[in-house]
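Colleague: Could you take a close look with me at one helix in this model, and then at how some of its other helices pack? I'd enjoy a connected walk through the details.

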Amino acid sequence: MATGTAAVQAPPLLSAWGSSANASALMESLRGARDRLTVRPASDAGWRLTADRPLVELRTQADAEKGSPWPQPLVSHYARYFRDGNRTAYEGLVASRQQRLTRAVVMALVNDGPGGDWLDEVIDGAYLLCEQSSWSWAAHDDVFTRNSDVVPDRSRPYLDLGAGEVVAQLAWLDHVLGAQLDERAPGLRKRLREEANERVIRPFLDRLDWHWLGLDGDVHNWNPWIHSNILVAALVLVDDPQLQARVVARCIEGLDRFLASIPADGAIDEGFAYWWNGAGRALEGLAVLEEASNGVLNPDLPVIRALVAFPHRMHLGHRWFLNVADGPARAHEGLPWGMLHRWAVRLGDSEAAAHAATFAAVEPEPQAAAGLGRVLTQLSSSTARFEPSKRAQLRPGWGTYLPSVQIMVARQTPGSSAGLTLAAKGGHNGEHHNHRDVGSVVVAVDGVPLLVDAGQPTYTAQTFGPDRYQIRAMQSAWHSVPAPFGLEQGTGPSFAATVVQEPTPEEPTLALGLGAAYGLDHAEQWIRTSLMNRELGNVVIDDRWNLAATPPEGTPDVDITYLVAGAVRVGTDATATITSVGIPTVSSPVGLRLRWKPATAVVLVDEWLLDDPLLSDIWGAKLTRLRFRMPAENRASGAFTLTVEATS
């Protein structure tokens, strides 16, 4: 295994940050960094409950758990991942422990009295993290692959997302409550620094084989998530100026590597949900860097402008967003919309700012699940800027097209979720968190998707293992795509779409050659055209194919599949209706009417009963697959057209 301390090759964007490779200059710019952070210590931040910051839910839960036994992750929980693939047994307890600590920190900030009861809760929680044998999650630890152990190896800590989250949480609580900790628990802050150095700082500097560094060219969301957390730890828990500058310089190089991987259109192939734990984490880290360096490290780069625009470009309506890969279709509550709003305002992107303000203004109070850093940042930021007059749900215009990922979002009503919205995706099957979804479509009515992508099920060992595509949610057979001769799409970047026609504002049509996605000889053996017809008020998905004269043995059927949410009724006249009945959170009924040609296609209906809460919380009790099986004369070559209209 390659280890060492050799300098990491900086990507080209590094020059935009100034001379960060100059250790003395960087060290000078970081002098007094903690005093410049927006989040202030308890001694000078004015941390009090106010009318616009009641924290009712957070306080209620904190009061209920105070004084009770802390969640205790055990080795039997850790070992379950290696024994039966369950990762939530351990990760759930770890998350509960950290969320309780976050609530205790907030309570200590806003209302702790002379007795320091909440401070004792913070001290206990922080010390438990120091005593926890591993900060990494079992699903990421390499202990089993190295020597078949299912017990964490404290002599060889694994630096992953979990370790990054813990070290950043300890750094933030040290930053805001450091003086109080020194008075009430002398020695604890020393322990925090020792553990941070042993488990995070030294492994980060000493090893260059961490896959998330992106040195092999594969840069994904772990990179900014971990680098931004280590950055906070370096600024707060590393007291040696030279060592601090070295760690920060390495973080800058890592974040730069992530920025260099972003295409010019700002697209994130992991989709909207992972934007917040990839691009969003990068933006948070860049903001901290700028504050810490007193503006010397200025992240005003063109790629940042493109990243800031991505979330609102994927918006369907309400809390619904286009979900590709491992992402839910409905946005989680507690996302840091205020962070996105601040960036959009700074960059002069009025559309992104208005969109972020819409959600920031209605978001609930801070959620402990978001992490201590995000909670403290939200509480340190005023909400007065989210004026109702400046809110807007959708960007004006016909929609958007992102060529790097071949995604089109087209609206029947420009600048509004009213009526139909069509999303069509090309891309390839080697994308991060990939599902086999090349050529898939999503159709929403009044902002609610009814032709859908199922999204992310609960993660297990299978999710990122060799049997990933045995999971139904990942298969092309359960996406809204064709199945020529019953074929499942292949895995890897070569199983890709070829763009035949790009959309324009005047003609919102995306035509894709899908042959390569199924391993066919030519891309244009299957062409799918998805178009928004504003004049007629409908969406048309047109499939045309010219396959081999002799089908593969045992797979003669040609199917075209659509995945449907809500209630489905198939008629006898080549029509079907879909209503939103049964979809949670949808209070106003909406519906679609489907018509297809040729009418002789046989319709097969398969119900998917959802027992995974991550899916059922989004879609309700079930999803339905409509498979249109082509008549025998249309198997080798033919055409199938689905027309979609709103019924509401």
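How many residues does helix 8 have, and what distance does helix 8 reach from its first C-alpha to its last?

Modeller: Happy to! Please keep in mind that this is a predicted model. Helix 8 covers residues 188–206, which makes 19 residues. From the first C-alpha to the last, helix 8 reaches 26 Å, close to the 27 Å expected at 1.5 Å a residue. Along the way, helix 8 has a bend of about 45 degrees, located at Asn197.

Now to the packing. Two packed helices are described by the angle between their axes and by the distance between those axes. Take helix 7 (residues 161–184) and helix 9 (residues 222–237): their axes are 8 Å apart, and the packing angle is about 30 degrees. An angle under 35 degrees counts as roughly parallel, and helix 7 and helix 9 are therefore roughly parallel to each other. The crossing of helix 7 past helix 9 is left-handed. On the helix 7 side, the contact includes Leu161, Val167, Leu170 and Trp172, as well as the charged pair Glu165 and Asp174. Helix 9 brings, among others, Trp222, Trp225, Ile226 and Val232 to this contact. By class, the residues of the contact between helix 7 and helix 9 are 13 nonpolar, three polar and two charged.

The contact of helix 4 with helix 5 divides into eleven nonpolar, three polar and three charged residues.

Two loops are worth a look as well. Most residues other than glycine have a negative phi, and most peptide bonds are trans. Asn294, in the loop between helix 12 (279–292) and helix 13 (302–313), has a positive phi near 60 degrees. Lys597 and Pro598 are joined by a cis peptide bond, with omega about 5 degrees. Pro598 sits in the loop between strand 18 (591–597) and strand 19 (602–609).

Conventions. Residues are numbered from 1 along each chain as its sequence is written. This is a predicted model: local features need pLDDT of at least 70, side-chain atom pairs count only at pLDDT 80 or more; totals for chains, interfaces and linings use all residues. Side-chain values use heavy atoms; hydrogens and water are left out. Helices (H or I, at least four residues) and strands (E, at least two) are DSSP runs, numbered from the N terminus. The expected span of a helix is 1.5 Å times one less than its number of residues. The bend at a residue is the angle between axes fitted to the seven residues ending there and the seven starting there. Axes are lines fitted to C-alpha atoms, for helices over the stretch in contact, and angles run from 0 to 180 degrees between N-to-C directions. Angles under 35 degrees count as roughly parallel, over 145 as roughly antiparallel, 65 to 115 as roughly perpendicular and the rest as oblique. A crossing is left-handed if the near helix is turned anticlockwise from the far one by less than a right angle, and right-handed if clockwise. Contact means heavy atoms within 4.5 Å.
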